[in-house]
Amino acid sequence: MNRPRHIAIIMDGNGRWAQEKGLNRTKGHERGAQIVRDITKYCAIHPEIEVLTLYAFSTENWKRPKKEVDFLMRLLDRWLQKELPTYQENEIRFVVIGDISKFSKNLQQRIIQVQDATKNFTKLTQVLALNYGGRDEIIRACKRAAKEGCEINEENFENYFDAKLGDVDMLIRTGGEKRISNFLLWRIAYAELFFTDTYWPDFTSKELEKLIEEFKKRQRRFGGI
């Protein structure tokens, strides 16, 4: 039976969820942050899930209105301050992938502090993809390998990524769109794909559980018969 060791989620639909309720888009992001907590806690007690990777802010999201981007940066900072006890109580290791050098110094420092404070926890690794793009990660990995004068191959390539997480087993996208959107391009080579119309602020652990049950029934051939 398939084991959902690594689940990755493209959290889509915050803005549309808010607009359909006549709310400002920022309310959708605030509600979405609460769902991140719920899903992370569910994954932390699941006996088979080891890694949860969440697409929080892409390299393309800088194209959004400055007001919304500024709000997202403040929300992330507040969220990291508030969530540290959640990580500690649930023994969750926090990791970031992506180029955080574009963030403010204070936010960079906050990210590093939370990573350091949780680095020894092993129940679950929660990964936030921040200022992340799959192509960008591959290019930066190639540059690191070239700088070290190393020859890269399929076995050692991930050593040059932002974090060594292993292949994705389940890739889920909420919000009704059916695109990969430059997410984890190397690691999803053999991932099973799931698309749900549910907006991220309405996504629940019960729906995730149903998707996991469907995943377990799928036949994964990895190119074989």
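**Close-up views: salt bridges and positive phi angles**

**View 1. D70 and K66 meet in a salt bridge through their side chains, 2.7 Å from N to O.** The model is predicted. D70 and K66 are four residues apart in helix 3 (residues 66–89), so about one helical turn separates them. K66 is exposed, at 62% relative accessible area. D70 is partly exposed, at 28%.

**View 2. E137 and R187 pair in a salt bridge of 2.9 Å, N to O.** E137 belongs to helix 5 (residues 134–147), and R187 to the loop between strand 5 and strand 6, so the bridge ties together parts 50 residues apart in sequence. E137 is buried, with 2% relative accessible area. R187 is buried too, at 1%.

**View 3. D169, E192, E214, R218 and R220 make up one network of salt bridges with shared partners.** The structure holds 21 salt bridges. Side chains of opposite charge can pair when their charged atoms come close.

**View 4. N131 and L184 each have a positive phi without being glycine.** Most residues other than glycine have a negative phi. Phi is near 45° for N131, which lies in strand 4 (residues 124–132). N131 is buried, at 3% relative accessibility. L184 has a phi of about 50°. L184 sits in the loop between strand 5 (170–173) and strand 6 (192–195). L184 is buried, at 0% relative accessibility.

Terms used: Residues numbered from 1 in each chain as written. Predicted model: local features only at pLDDT ≥ 70, side-chain atom pairs only at ≥ 80, totals over all residues. Heavy atoms only, no water. Helix = DSSP H or I, 4+ residues; strand = E, 2+ residues; numbered from the N terminus. Buried < 20%, exposed > 50% of the residue type's maximum accessible area, 1.4 Å probe, protein only. Salt bridge = Lys/Arg side-chain N within 4 Å of Asp/Glu carboxyl O.
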